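Welcome to this tour! We will go from stop to stop together.

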Amino acid sequence: MSEQQKNPNLDAEQVLKSETQNEAVEELLEPEAELLEEVTENDELTKALEEVAQYKEAALRAHADAQNVRRRAEQDVEKAHKFGVEKFAKSIVNVADNLERALTSAPETGESDPVRDGVELTLKDLLETLARFEVVVVDPHGEPFNPALHQAITMVPNPELEPNTVMDVVQKGYTLNGRLLRPAMVVVSSAA
């Protein structure tokens with residue numbers, strides 16, 4: 001006789017034991033199912049937070065771009081105000097040069113010459129007007145040569161001056177609000 005026939009309770013015990021094991025497995029799996037739901041919810045939350053971070057970054061970039069555009073526009077307006085008269089100033093400095101040439105070519109006599117006096121007053125008034133609009137004369141006679149402001153026409157050996165010193169100014173230069181409008185044309189000393 002088999003054990004099952006000998007002990008019918010053994011079969012019932014095995015079924016009960018099997019059911020108990022199934023229940024235990026289900027109990028163990030229930031937290032995993034809850035965790036799976038939590039993980040799914042966490043994944044959705046993580047995705048949503050990543051999306052929020054992306055939108056926030058995009059908004060910050062857009063705000064920074066808008067600030068940069070505004071700042072550049074302000075700088076452009078400022079430059080337009082400062083340097084808007086540049087072409088006009090370049091033309092007017094030629095008038096100043098011509099008035100200076102007229103004065104150097106007119107002989108100085110001991111008596112009053114109304115034409116010479118008129119040219120001197122006109123030149124003085126013109127230079128004052130240029131100065132009001134921040135056009136400044138660059139007259140570097142006796143100064144060290146500066147390639148940012150001067151244009152050397154020639155170099156002449158001169159033992160009395162240090163090398164690279166401006167000996168003579170052929171044509172004065174001008175700056176507009178600190179920016180070079182026209183370089184001064186100069187003769188520079190060299191070592192003897």
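This is a predicted model: local features need pLDDT of at least 70, side-chain atom pairs count only at pLDDT 80 or more; totals for chains, interfaces and linings use all residues.

**Stop 1: the whole chain**

Color the chain by secondary structure. The protein chain has four helices and six strands, and along the sequence they follow the pattern α-α-α-α-β-β-β-β-β-β. The chain has 192 residues, and 18% of them count as buried. Among contacts with a separation of 6 or more, 62% are between residues 24 or more positions apart.

**Stop 2**

Select residues 135-138, 173-176 and 179-182, which are β1, β4 and β5. They form an open sheet in the order β1-β4-β5, and the pairing is antiparallel. Which strands stand at the edges? They are β1 and β5; each has a single partner strand, so one side of each is left without a neighbour in the sheet. On average, neighbouring strands here are turned by 35° against each other, direction ignored.

**Stop 3: along β4**

Strands of a sheet pair through backbone hydrogen bonds, either parallel or antiparallel. Click on Val135 and look across to Leu176 in β4, which stands opposite. On the β5 side, β4 pairs over three bridges, again in the antiparallel sense. There, Leu176 stands opposite Arg179 in β5.

Next, show the side chains of β4. In a regular strand the side chains alternate between the two faces of the sheet. Which way do those of β4 point? Gly173 and Thr175 point one way, Tyr174 and Leu176 point the other way, and all are buried.

**Stop 4: two residues with positive phi**

Select Asn177, in the loop between β4 and β5. These strands form a hairpin with two residues between them. Phi of Asn177 is near 50°, a positive value in a residue other than glycine. Is Asn177 buried or partly exposed? With a relative accessibility of 26%, Asn177 counts as partly exposed.

Then jump back to Glu134, in the loop between α4 (114-132) and β1. Glu134 also has a positive phi, near 65°, and is a residue other than glycine. Its relative accessible area is 41%, so Glu134 is partly exposed.

**Stop 5**

Select Asp139, which lies in the loop between β1 and β2 (150-157). Its relative accessible area is 40%. Since that value lies between the cut-offs of 20% and 50%, Asp139 is partly exposed.

What does Asp139 touch? Leaving aside its neighbours within four places in sequence, Asp139 is in contact with Val169 and Lys172. Try the distance tool as well: Asp139 and Leu149 are ten residues apart in sequence, and their C-alpha atoms are 9.9 Å apart in space.

**Stop 6: the largest pocket**

Rolling a probe the size of a water molecule over the atoms shows where empty space is left. The largest pocket has a volume of about 230 Å³. To find it, select Asp97, Glu100, Arg101, Thr104, Asp139, His141, Asp168, Val169, Val170, Gln171 and Lys172, which line it. Color the lining by class, and you will find two nonpolar, three polar and six charged residues.

**Stop 7: the other open sheet**

For the last stop, select β2, β6 and β3. These three strands form an open sheet in the order β2-β6-β3, with mixed pairing. Both β2 and β3 stand at the edges with a single partner strand each, so one side of each is left without a neighbour in the sheet. Neighbouring strands of this sheet are turned by 25° against each other on average, direction ignored. Zoom in on β2 and β6 (residues 184-190): these strands run parallel and are joined by seven bridges. To end the tour, click on Gln151 and find its bridge partner in β6, Met185.

Key. Residues are numbered from 1 along each chain as its sequence is written. Side-chain values use heavy atoms; hydrogens and water are left out. Two strands pair if DSSP finds at least two bridges between them. Axes are lines fitted to C-alpha atoms, for helices over the stretch in contact, and angles run from 0 to 180 degrees between N-to-C directions. On a 1 Å grid over the protein atoms alone, a cavity is a set of points where a 1.4 Å probe fits but cannot get out, and a pocket is an open set with protein on both sides within 12 Å along at least five of seven lines; lining residues have an atom within 4 Å of a point. Grid points are joined across faces, edges and corners, and a volume is the space filled by probe spheres set on the points. Ala, Val, Leu, Ile, Met, Phe, Trp, Tyr, Cys and Pro count as nonpolar, Asp, Glu, Lys and Arg as charged, and the others, Gly among them, as polar. Buried means under 20% relative accessible area, exposed over 50%, partly exposed in between (1.4 Å probe, protein chains only). Contact means heavy atoms within 4.5 Å.
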